[in-house]
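Good morning, and thank you for coming.

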Amino acid sequence: MSLKREGKMPEHEIKTCQRCGKTFECKVGNITQCQCYEVKLTYEETQKMREEYDECLCAACMLDLQIKYRKEQIQKS
């Protein structure tokens, strides 16, 4: 029996972005279709977001933070 049938792996869920409060659909059961999959973060960017936030962020906030982190990195150089 698959986990999906047992209800242990949801296809999607509605989440609230911890940063901006916007709701979005998280497709944990099909990650390649999730809104966050399109945001290509470096390992360092991912770690920095994990340090700052405990929950999922919407793609817009992820992109905004990615730009912020990259600008900070440039300024350090």
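α3 (59-76) gives the most to the lining of the second largest pocket, with 5 residues. Helices are DSSP runs of H or I of at least four residues, and strands are runs of E of at least two, numbered from the N terminus.

Please note that this is a predicted model, in which local features need pLDDT of at least 70, side-chain atom pairs count only at pLDDT 80 or more, and totals for chains, interfaces and linings use all residues. Residues are numbered from 1 along each chain as its sequence is written, and side-chain values use heavy atoms, with hydrogens and water left out.

A pocket is an open set of points on a 1 Å grid over the protein atoms alone, where a 1.4 Å probe fits, with protein on both sides within 12 Å along at least five of seven lines; its lining residues have an atom within 4 Å of a point.

The second largest pocket has a volume of about 150 Å³, a volume being the space filled by probe spheres set on the points, which are joined across faces, edges and corners. Among its lining residues are Glu44, Lys48, Arg70 and Lys76. By class, this lining has 1 nonpolar, 1 polar and 6 charged residues. Here Ala, Val, Leu, Ile, Met, Phe, Trp, Tyr, Cys and Pro count as nonpolar, Asp, Glu, Lys and Arg as charged, and the others, Gly among them, as polar.

I turn to the largest pocket, with a volume of about 360 Å³. Of its 18 lining residues, Arg50, Glu55, Cys56, Leu57 and Met62 lie nearest the centre. α2 (43-52) gives the most to this lining, with 3 residues. The classes here are 12 nonpolar, 2 polar and 4 charged residues.
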